[in-house]
Amino acid sequence: MKLNKDNKYLKWGLTAFLVIAASIFFYYLIFHSSNISAGIQTAWKVMMPIVFGLILAYLLTPVLNHVEHDALIPVFNFFKVRESSKRKSAIRALGIFLTILLFVAVVGSLIFMMLSQIVPSIANIVSNFDSYYNNIIKWVNELLNDNPELEEYILNTIDRYSVRVQEILNNAVFSLSGEVIKTVSLSVINILKVTLNIIIGVLVSIYLMASKEKFAGQAKKSVYALFEQDTANSILSTCRFTHKTFIGFIGGKIVDSLIIGILCFIGTSILKTPYAALVSLIVGATNVIPYFGPFIGAIPSILLVFVVDPLHPLNAVYLALFILVLQQFDGNILGPKILGEYTGLSSFWVIFAITIFGGLWGVVGMIIGVPFFAVVYAGIKFFIYKKLHKKHMPEETDLYVNVGYVNGEEFHNFDPFYKRNKAAKQEKRKNRRSKANKNFDDSEKNEEQTPEDKE
């Protein structure tokens, strides 16, 4: 039996079912949210390798494209390898191999630097805390010899808080290190699970990159099957813009921060800054955060150098000047060269996005909040422009700055289509008036006629 989609009883039944289902879902959401949360967490743990593979493939796809188009294809053309399916398969296989190899090299280098430079630096800072504390005391004594009351107050404050700071450092580093060692030694199964998830994620990313064109084609086919053509075109256009914004900004920001970290390490090594590797890691890592990142990285780095050797404050001053020059170079030359105009947001909206999404999602929100908000901002902008275009009003913001109210003609004249539309409307209005006048004249003639004339 074939169902009639226009049957009103079918529509009523479907509406009632959806209302009941939504009510049940809302009830469980309110009174059984813990069960829903537990189910989501379980599903997330199960899907973690797939999610990791999707994210890794998404981030590595631009690298794969560059490797193929800028390195492998020119090499194959140089050796005059003819076009064939085997050539495409060979290029894709070599491209994936080189991309994964580059990824492993970068991650391995970061881990090696962490183990060889960063961890010993942190341990050294904690172990030498007493000497740094004595250096601060000496610096305060030299600075406040002429003001004994202020000197006594500052020394008491330092004495009061230094013990607490040392306890925090000991608990946060040594105790944490002991817990980590204990956890690693006792939780072999968890380590194996994490390792297995990483391996599965890498394999998933390899399969995704190997057939990325096919998966993209299947996704587009599904969109056109589910939606009307105009709607599907809009969806795909939005996806392309979102992809361009996210991958352009996040990928570019990672490359930019990596370069800044390397330049910072070179500069701090030349300046013989204490803990150059740790300072460079802080500056490079925080540079991923837009706008606030340079300040977040510079302040603890400068304080660290000053605490290590307060008797020579010029070291901290030199570091501050170097970071200032480095961030100016990044903001005015390197950043625009790598990132371009992927977001199109003003400084206010960047701060707005970082504040809102940083408060919601923490550090991750501060990183992805800007490109995410750029997509939302572009959607709102497109909607506003579309509505203005329908009303034949200009899109330029400057034209609205001093507008108290809109009085038709002079404002609409900015629209190149308005005059043509206006002429067409005037012509239609004229035709309507002439037709109305003609009908009125005909009606008068009919009224003047006598019944005998009508007969």
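**Ile-384**

I started with Ile-384 and found it in helix 12. This is a predicted model, so I read everything below as computed. Is Ile-384 buried or exposed, or something in between? I get a relative accessible area of 42% for Ile-384, so I logged it as partly exposed, since that class sits between 20% and 50%.

**The patch**

Next I looked up which nonpolar surface patch Ile-384 belongs to. I found about 1100 Å², made by Phe-348, Phe-352, Ile-356, Leu-360, Trp-361, Val-364, Phe-372, Val-376, Ile-380, Phe-383 and Ile-384. Two of the names, Phe-348 and Phe-352, made me turn to the rings.

How many aromatic pairs does the structure hold? I have 11 down for it. One of them is Phe-348 with Trp-349, which I noted as edge-to-face, with 4.9 Å centre to centre and 70° between the planes. I then followed Trp-349 to Phe-352: the centres are 5.5 Å apart and the planes at 85°, so I put this pair down as edge-to-face too. The cut-off I used is over 60 degrees between planes.

I checked where Trp-349 and Phe-352 sit, and both are in helix 12, which runs over residues 347–390. They are three residues apart, about one turn of the helix.

Which class does Phe-348 fall into, buried or exposed? Phe-348 comes out at 53% relative accessibility, so I count it as exposed, because the line for that class is drawn at over 50%. Trp-349 has a relative accessible area of 28%, so I call it partly exposed. Phe-352 is at 33% relative accessibility, so it also goes down as partly exposed.

**Whole chain**

Last, I zoomed out. What does the secondary structure come to? I have 15 helices and zero strands for the protein chain. The chain has 455 residues, and 25% of them count as buried. For contacts with a separation of 6 or more, 62% are between residues 24 or more positions apart.

Note on methods
Residues are numbered from 1 along each chain as its sequence is written. This is a predicted model: local features need pLDDT of at least 70, side-chain atom pairs count only at pLDDT 80 or more; totals for chains, interfaces and linings use all residues. Side-chain values use heavy atoms; hydrogens and water are left out. Rings of Phe, Tyr and Trp (its six-membered ring) pair if their centres lie within 6.5 Å; planes under 30 degrees apart count as stacked, over 60 as edge-to-face and the rest as tilted. Buried means under 20% relative accessible area, exposed over 50%, partly exposed in between (1.4 Å probe, protein chains only). Helices (H or I, at least four residues) and strands (E, at least two) are DSSP runs, numbered from the N terminus. Patches are made of residues with over 30% relative accessible area and no salt bridge: like charges are joined within 9 Å, nonpolar side chains (Val, Leu, Ile, Met, Phe, Trp, Tyr) within 5 Å. Accessible areas come from the Shrake-Rupley method with a 1.4 Å probe; for residues, only the protein chains shown count as cover. A salt bridge is a side-chain nitrogen of Lys or Arg within 4 Å of a carboxyl oxygen of Asp or Glu. Contact means heavy atoms within 4.5 Å.
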